[in-house]
Amino acid sequence: MPIRSILAGVGAYLPKRVVTNDELAQRLETSDTWIRERTGIRQRHIASPQETAAFMGTEAAKSALANAHAEPAEVEAIILATSTPDQAFPATALRVQAALGVTNGYGFDISAACAGFIYALSVADSLIRTGAARGALVIGSEVYSRILNWNDRGTCVLFGDGAGAVFLRAGKGRGTIDRGILTTHMHAQGTLGDILYVDGAVGQPEKSGHLVMRGQEVFRHAVIRLAEAVDEALAANGLTRRDVDWLVPHQANLRIIDAMGKRLGLPSERVVVTVDRHANTSAASVPLALAEAWTDGRIRHGDLVLMEALGGGLTWGSALVRM
Ligand code: COA
């Protein structure tokens with residue numbers, strides 16, 4: 001039987017500090033009602049100076065390894081998706097490797113904004129299928145609070161900090177019934193780079209390094225591209241929407257999430273929603289949502305889970321996984 005990536009464990013970390021919409025409204029011209037009605041967001045977690053992408057990624061990785069009953073020695077690859085790394089280099093993945101006490105294998109970061117976890121999962125799945133790793137940590141870890149313009153009410157209310165992780169183990173499987181990652185799909189359209197971006201980085205120190213977004217345009221592309229991604233994932237596996245047990249979508253806006261749930265014909269209780277409490281945690285949002293629904297027992301072994309995300313780039317994609 002062919003090699004397949006089994007999702008052996010899932011973990012999460014959220015910063016201790018919670019910031020409500022009302023707290024933001026004390027110093028910005030906004031309101032809890034506006035934010036909730038337009039986005040579904042009620043609150044977000046905001047990192048302390050110590051809670052960096054490496055720190056939170058390490059904590060999420062530890063809980064994913066514990067959930068998989070895996071030892072650090074089993075980790076042969078660490079792929080960490082982030083747009084807010086601790087340093088330009090070494091890769092945040094390698095700070096996590098050191099903190100976990102992993103001394104073998106390799107690791108690197110992936111920059112694909114909010115689709116980063118889907119990209120990282122896709123790359124890790126390829127490494128496992130080709131025998132380049134037998135155990136891989138896939139992490140999404142973000143501190144967007146550090147790159148937000150806190151005076152821009154159109155963007156700063158939308159994001160939060162956090163990390164999520166999964167541990168993949170090489171196993172054997174065939175067809176769509178056996179456990180493991182069935183398919184992943186990655187897409188990008190660089191010509192749309194200017195509708196959602198950060199205006200600076202270490203290579204451009206004179207720029208401010210703040211997130212800039214044309215929200216309505218991003219919204220429009222998200223609804224179209226994610227619908228295509230859902231259809232593509234099902235068609236690639238010869239499945240129909242009735243086969244999907246759970247949708248674990250990127251958590252940017254409740255209206256986009258609802259549109260995808262409707263497209264799949266799923267009742268709302270089969271769509272995992274964390275955007276109300278986490279806001280948009282970019283590359284961390286899908287694994288955070290997966291970890292929540294896995295840990296509280298909603299998602300069970302044997303369930304078919306469809307994950308999708310879209311982010312700055314534009315980047316987007318999907319992963320279909322039998323848990
Ligand atoms: N509080 C109060 N008013 C706000 C506000 C806030 N936090 N942010 C913007 N507004 C105002 C605007 O200034 C505008 O006022 P105007 O009509 O007087 O100019 C009005 O609300 C409407 O703004 P608009 O941007 O048209 O709102 P919207 O309905 O498109 O919702 C988003 C804005 C950002 C919530 C929505 O576009 C969105 O979710 N986009 C996609 C975001 C996304 O998915 N991003 C990440 C992908 S990874």
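1. Helices here are DSSP runs of H or I with at least four residues, numbered from the N terminus. Under that convention, helix α10 covers residues 285–295, and Gly-297, with a positive phi near 85°, follows α10. The model under review is a predicted one, and the remarks below should be read accordingly.

2. Overall fold. The protein chain contains 10 helices and 13 strands. Its radius of gyration is 18 Å, close to the 20 Å that the globule rule gives for 323 residues, so the chain is as compact as a globular protein of that length. The C-alpha trace spans about 60 × 45 × 40 Å along its principal axes. As to burial, 55% of the 323 residues count as buried.

3. Composition of the ligand shell. The ligand is surrounded by 24 residues, and the closest of these are Thr-30, Arg-38, Arg-153, Gln-216 and Asn-253. Sorted by class, the shell has 11 nonpolar, 9 polar and 4 charged residues. Both domains take part: domain 1 (3–172) and domain 2 (180–322) each supply at least three residues to the shell.

4. Polar atom pairs at the ligand. Which residue places a backbone N or O atom 3.0 Å from a nitrogen atom of the ligand? That residue is Gly-215. Two side chains also deserve attention. Thr-30 has a polar side-chain atom 2.6 Å from a nitrogen atom of the ligand, while Asn-253 has a polar side-chain atom 2.6 Å from an oxygen atom of the ligand. On its own the ligand has 960 Å² of accessible area, and the protein covers 72% of this. Two or more shell residues come from each of α2 (32–39), α6 (153–156), α7 (215–236), α8 (254–263) and β12 (304–311). Among these elements, α7 gives the most, with 4 residues.

5. Helix α10. This helix is mostly covered, as 9 of its 11 residues are buried. The buried positions are Ser-285, Val-286, Pro-287, Leu-288, Ala-289, Leu-290, Ala-291, Ala-293 and Trp-294.

6. Cis peptide bonds. Phe-89 and Pro-90 are joined by a cis peptide bond with omega of about 0°; Pro-90 is found in the loop between β4 (77–81) and α4 (92–100). A cis peptide bond also joins Gly-313 to Leu-314, with omega of about -15°. Leu-314 is placed in the loop between β12 and β13 (315–322), and β12 is one of the elements that give two or more residues to the shell around the ligand.

7. Positive phi at His-69. Although His-69 is not a glycine, its phi is positive, at about 50°. His-69 is located in the loop between α3 (53–67) and β4. Is this residue buried or exposed? With a relative accessibility of 71%, above the 50% cut-off, His-69 counts as exposed.

8. Positive phi at Ser-282. Ser-282, likewise not a glycine, has a positive phi of about 55°. The residue is found in the loop between α9 (275–278) and α10. Its relative accessible area is 1%, under the 20% cut-off, and therefore Ser-282 is buried. The positive phi at Ser-282 thus belongs to a buried residue, whereas the one at His-69 belongs to an exposed residue.

9. Asn-237. This residue lies in the loop between α7 and β11 (246–249). Its relative accessibility is 14%, so Asn-237 counts as buried. What does the side chain of Asn-237 contact? It makes a polar contact with the side chain of Thr-183, at 2.8 Å.

10. Tyr-119. Helix α5 (residues 116–129) contains Tyr-119. At 15% relative accessibility, under the 20% cut-off, this tyrosine counts as buried. From C-alpha to C-alpha, Tyr-119 and Gly-9 are 18 Å apart in space, with a separation of 110 residues in sequence.

Definitions and conventions:
Residues numbered from 1 in each chain as written. Predicted model: local features only at pLDDT ≥ 70, side-chain atom pairs only at ≥ 80, totals over all residues. Heavy atoms only, no water. Near = heavy atom within 4 Å. Polar contact = N/O pair within 3.5 Å; in protein donor to acceptor, adjacent residues only side chain to side chain. Areas by Shrake-Rupley, 256 points an atom, 1.4 Å probe, with all protein chains shown as cover. Nonpolar A, V, L, I, M, F, W, Y, C, P; charged D, E, K, R; others polar. Domains from an automatic or database assignment. Rg over C-alpha atoms; globule rule 2.2 N^0.38 Å. Buried < 20%, exposed > 50% of the residue type's maximum accessible area, 1.4 Å probe, protein only.
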